[in-house]
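This report goes through selected local features of one protein chain. Please keep the sequence and the structure at hand while reading.

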Amino acid sequence: ATGKGRDGSGREESRRHGRVASFEARVRRHDGEYRWFFVRMAPVKDSSGHTVRWVGVMADMDDRTRYEAALSESEETKAFLLQLSDAIHPLGDPAEIQGAALRCLGDYLQSDHTFYAEFDTPGYVTISRDHVKDGSASLTGRYLLDDYRTVISRMLSGEIFVCADIARSQGLTASERANYAA
């Protein structure tokens with residue numbers, strides 16, 4: 001099995017100095033599946049104090065790790081939904097509701113651009129309202145779908161598209177990157 005520990009420095013230091021170590025490691029099983037394990041290892045020393053071998057135990061904690069991650073994600077989602085509800089509850093105007101929802105979603109996703117778009121005319125998309133952060137330019141306007149074909153196709157197929165840096169994205173064509181920069 002191959003281990004990739006969350007606390008690799010402590011594990012290596014324990015080995016070098018012959019001390020007991022405890023850590024969590026992602027271990028690949030014989031079938032290729034990775035699972036999280038809690039590992040505790042201790043040196044076995046000879047009469048002169050030199051480490052002659054190591055003994056240890058591993059406890060599969062993968063289900064617990066997945067449960068904790070899902071619980072944390074669920075709590076974050078509930079907090080977002082509560083914040084969203086609080087923001088739009090007092091509003092009555094649909095445009096104000098869209099604006100508040102875009103702000104909340106943009107903050108939650110830590111996005112520079114969050115927008116509401118309508119595919120109102122064949123071949124075009126209209127961004128009627130957006131939320132931008134850090135002085136970024138607004139994206140409101142009407143756009144030719146073919147100029148953004150990769151992203152539009154991915155979104156229409158239900159795929160989530162996240163791009164940390166449009167200028168360097170390998171998921172876009174050169175012309176699409178230029179269109180986003182314009």
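The text below covers a helix, the ring contacts and a strand hairpin, all in a predicted model.

**Helix H3**

Helix H3 takes in residues 94-109, which is 16 residues. The buried residues in H3 are Gly99, Ala100, Leu102, Cys104 and Gly106. Just after H3 comes Gln110, with a positive phi of about 55°.

**Aromatic pairs**

How many aromatic pairs does a search of the whole structure find? The search finds two. In one of them, Phe80 and Tyr108 are stacked, at 4.3 Å centre to centre with 25° between the planes. This pair links distant parts of the chain, since Phe80 belongs to helix H2 and Tyr108 to helix H3, 28 residues apart. Phe80 has a relative accessible area of 11%, and because buried means under 20%, Phe80 is buried. Tyr108, at 34%, counts as partly exposed.

Tyr143 and Tyr148 also form a pair, with ring centres 5.8 Å apart. Their planes stand at 90°, and planes over 60 degrees apart count as edge-to-face, so this pair is edge-to-face. The relative accessible area of Tyr143 is 22%, which makes Tyr143 partly exposed. Tyr148 counts as buried, at 12%.

**Charges over rings**

| Charged residue | Ring | Distance to ring centre |
|---|---|---|
| Arg26 | Tyr34 | 4.1 Å |
| Arg142 | Tyr124 | 4.4 Å |

Arg26 lies over the face of Tyr34, and the charged end of Arg142 sits over the ring of Tyr124.

S2 runs antiparallel to strand S3 (residues 34-45), and eight bridges join the two. Which residue in S3 is the bridge partner of Ala25? The partner is Phe37. Five residues lie between the strands in the hairpin of S2 and S3, where Gly32 takes a positive phi near 95°.

Note on methods: Residues are numbered from 1 along each chain as its sequence is written. This is a predicted model: local features need pLDDT of at least 70, side-chain atom pairs count only at pLDDT 80 or more; totals for chains, interfaces and linings use all residues. Side-chain values use heavy atoms; hydrogens and water are left out. Helices (H or I, at least four residues) and strands (E, at least two) are DSSP runs, numbered from the N terminus. The expected span of a helix is 1.5 Å times one less than its number of residues. Buried means under 20% relative accessible area, exposed over 50%, partly exposed in between (1.4 Å probe, protein chains only). Rings of Phe, Tyr and Trp (its six-membered ring) pair if their centres lie within 6.5 Å; planes under 30 degrees apart count as stacked, over 60 as edge-to-face and the rest as tilted. A charge sits over a ring if NZ of Lys or CZ of Arg is within 6 Å of the ring centre and within 35 degrees of the ring normal. Two strands pair if DSSP finds at least two bridges between them.
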